[in-house]
Amino acid sequence: MSAVKRFLDRIMLLDLFTGLGVTAKNMFKKKHTVQYPEERWEPADRFRGMFRLDEDRCIKCTLCARDCPIDIIYIDWHSEKNEVTGKKQKLLTRFDIDVQRCMFCGLCEEACPTEPKSIWLTSKSYELASYDRWSNLYVDMDDLMDWKIRPDYTDEEIR
Amino acid sequence: MSDREPPSKPPSEAPAETPTEPTASVPSAEEEAAKKAEAAAKAKAAAEAKAVAVAKKAAIEAAKPPWERDAVTPTWEEAGEDPLAVAMATKFGEAILSARSYAGDLTLEVELGSIAKVAAEFKARHGFTFLVDLCGADYPDREKRFDVVYQLHSFTSGRRIRLRVTTDEETPVPTVCEVWKAANWCEREVYDMYGVRFEGHPDMTRILLWEGFNGHPLRKDFPVEGIDTGAAIYPEYYEDEAGPITGTGTGWMQPKPPVEADEEAGE
Amino acid sequence: MSDAIRSANDTVANNTVAHDDSVFGAEEMELNFGPQHPSTHGVLRLKLKVDGERIVDCYPIIGYLHRGTEKLFELNPFFQNVPHTDRMDYVAAATNNLAYVGAVEKLIGLTVPPRASYIRVLLCELQRISSHLLWLATHAIDIGAMTPFFYCFRERELVLDLFEQYCGARLTLNCMRPGGQPFDLPHGWVDTCREFLELFPAKIDEYENLLTNNRIWKKRTIGIGVLSPEVAVEYGITGPMLRASGIDFDLRKAMPYEIYDQVDFEVPLAENGDTYDRYLVRMEEMRQATRILEQCLDQLPEGALMAKKARVLKAPKGGEVYHGIEGPKGEIGFYIVGDGKPIPHRCHVRAPSFINLQSLPELVSNHMIADLVAIIGTTDIVLGEVDR
């Protein structure tokens, strides 16, 4: 049986037709591609995207800067007397992150001791591209606090 | 340490048995003896109580699962009685400088000139036909600063063993390429990163860096920022104070043109 | 700057060029299979000496992706080095992480809670599936079969989604720490994983329908790049390449780590050591990985995730360990030397692709250039690991 089957296989290209059958079956199935930018793929809850900072929650412990493996968080703080309560409090002068080197590892978020965290990477934004070379490479404190989560690329094109 | 001191000591001391002393009266010899006996008895009781407390704490600790206990750091142990070490020592004598073991891995320190013979013996006689890894290390405080470490594996016994050779900057190490072909690129990498040459190697050139590279990067005196790159050759792009609070790294490159020559004095 | 170049030129004079480029036969030609080539799976340069279409000699030149990872390891405390390990074999980040944290735990003497161990094995086996899917996709498309590429990446998306739900990243996972796991499995992760495991064996059958009995595939891969067991052991080859030559050595069985001794699986072996056998071994490894995953999900215990005080522990002075695990490409191991600080003194990576690539000249001799592409694909190299 096997010799006949092998002969038929070779003449009638049955193994190649099995492969073609697989592709034909897949041709009529639902496609898995996402038509970006009309459809946007939603990342998961824990997705490590662009970070954001909340200065009110931050206690200026600099643990995030210490934990960063590539040392790209730059923190300067000073003490000022709060007029309302009369106590000394820490204020942030500088909290900059060098985005061109950031690898979005999340160690700064893990190090942050406040609850909820003062620096967090789960802003679910992965669209960090821009049209000029120097923006979005080095993000300072104001940008971090007001980072626009979903820049609309489609609107910009229309404009 | 008398019991009369207040019980505000750290817990390793005797547990608080606040001694109540009789008010001071003229001590006679008998009273003194009695007091001494009393003090001795109290000290003994305190020591016993302390032992009981320590044992109880150890029992609680042992009852915890291993990941909740404090880590038990492994230590170096002498492994001279290990049969493999004994066999090697009888064959090579002084070439095997020491045999120790750490976390269960036997490590033999071998003299520089005989490493190729020792390696061949391991392969031929003891079945260590597989070279797992060959790497270097730098200990700049030692006179012979470089280490070359060989990890071997035997399929027949399923055992792993480590050999170590120490050398300095000038002395080459005999190659083990004839023993295991896997050593070829590994030795080139050690040469590339540390500058340790291997005698008898068929192709002793740099492997991971380009041929004209200046220096040997994994040495401890080679800076992380590099010596022919970055701040060393473009100082005008790097601020003096640039850098994070921990002080490592070269800072960041600012999008501004280099400072004009006449503004810098003497540049 | 000219000083630097001058001293660099001096070094060139001192570096003897041991590979002799000048001896060529009358009909031989030097062909540069350059660093920028879609089939080299990265920046790999091969200097080929060819006689017509037949390769006489091959000299690999690597280092185009060298980033000095081993030097960077010496700068940071142990738990901060985990993102650096992701980026070596960037296709299989979880196994790199596991090798590193396993070595650190052995050095310090930490014990990992069982739930963390099970989660680690889950991630590693998922990573094995993902790495083999990528291998199959790129290997097939190099040889010319374009369809498996799309199907493998479609399944790989499901695996990467699982990773993303767990740790937040798809490729450079940073999902383990010395001492345990940083986060727990989110709600619904186990169910999503089980759904994936239910549909995946049918997909492997689909890839096999496309390739295994296909005469074109067989003609391109049978008898190509034959690696005999003696040569494999000489060259220090590990992983599916070694097992396809007939040597039964898998670190998960020979030196079990984590909880591999509590799950039941088989290690596929083959006899001939050619490209077709390596393909069969890797396909079967994907099936066995599915089996391990199902058992892990069934056996998953509750409990703590991190060993006690794992972050503040220092490595003992002079302590050194080597710990290797079975990654999808072979044995990936770390040799770590501690010196009393929380920062390693030396951390060397035993990269399987680096060691496996050494055998390329021997595998490739007397084959055609088209077979060279198949052989590079079957060694399953990732240049991030080769160059570190």
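Author: In this predicted model, strands β2(C) and β3(C) form a hairpin with 2 residues between them. Gly52(C), which lies in the turn, has a positive phi of about 70°. The two strands run antiparallel and are joined by 7 bridges. Strand β3 of chain C covers residues 54-61, and its Tyr59(C) stands opposite Lys47(C).

Strand β2(C) also pairs with strand β1 (residues 28-33) of chain C, in the antiparallel sense and over 6 bridges. Here Glu28(C) stands opposite Asp51(C) of β2(C). How many of the 7 residues of strand β2 of chain C are buried? The number is 5, and a residue is called buried when its relative accessible area is under 20%. Strand β2 (residues 45-51) of chain C is therefore largely enclosed by the rest of the structure.

Strand β4(C) is joined to strand β5 (residues 330-337) of chain C by 8 bridges, and the two run antiparallel. Within this pair, His323(C) stands opposite Phe334(C) of β5(C).

From chain B, the core draws at least three residues from each of domain 1 (76-204) and domain 2 (209-262). In soluble globular proteins, nonpolar side chains tend to be buried together.

Which residues are in contact with Ile336(C), leaving aside its neighbours within four places in sequence? Among them are Phe78(C), Tyr100(C), Ala103(C), Val104(C) and Leu107(C). The list also includes Gly319(C), Glu320(C) and Val321(C), together with Pro344(C), Arg346(C) and Cys347(C).

Let us now turn to the partner of chain C. In the contact between the two chains, 67 residues of chain B meet 67 residues of chain C. Together, chain B and chain C bury about 5300 Å² between them, 57% of it on carbon and sulfur atoms. On the chain B side, Trp67(B), Trp185(B) and Leu208(B) lose the most area to chain C, together 15% of what that side buries.

Chain B itself contains 4 helices and 8 strands. From the N terminus on, its elements run α-β-α-β-β-α-β-β-β-β-α-β. Of its 267 residues, 39% count as buried. Among the contacts in chain B with a separation of 6 or more, 47% are between residues 24 or more positions apart.

An open sheet of 6 strands in chain B has the order β1-β2-β3-β6-β5-β4, with mixed pairing. The edge strands are β1 (76-78) and β4 (130-138) of chain B, and each pairs on one side only. The twist of this sheet averages 25° from one strand to the next. Strand β1(B) pairs with strand β2 (residues 96-102) of chain B in the antiparallel sense, over 3 bridges. Arg100(B), in β2(B), is the bridge partner of Glu78(B). Helix α2 (residues 83-92) of chain B lies across β2, β3 (105-110) and β6 (160-167) of chain B, and runs at about 175° to β2(B).

Finally, chain B is divided into domain 1 (76-204) and domain 2 (209-262). The contact between them takes 10 residues from domain 1 of chain B and 8 residues from domain 2 of chain B. These two domains of chain B bury about 780 Å² between them, 51% of it on carbon and sulfur atoms. Asp192(B), Met193(B) and Tyr194(B) supply 55% of the area that domain 1 of chain B buries against domain 2 of chain B, more than any other three residues.

Note on methods. Residues are numbered from 1 along each chain as its sequence is written. Chains are lettered from A and ligands numbered from 1 in the order in which they are written. This is a predicted model: local features need pLDDT of at least 70, side-chain atom pairs count only at pLDDT 80 or more; totals for chains, interfaces and linings use all residues. Side-chain values use heavy atoms; hydrogens and water are left out. Buried means under 20% relative accessible area, exposed over 50%, partly exposed in between (1.4 Å probe, protein chains only). Two strands pair if DSSP finds at least two bridges between them. Domain bounds come from an automatic or database domain assignment. Contact means heavy atoms within 4.5 Å. Axes are lines fitted to C-alpha atoms, for helices over the stretch in contact, and angles run from 0 to 180 degrees between N-to-C directions. Buried area is the accessible area (1.4 Å probe) that two parts lose on being put together, summed over both.
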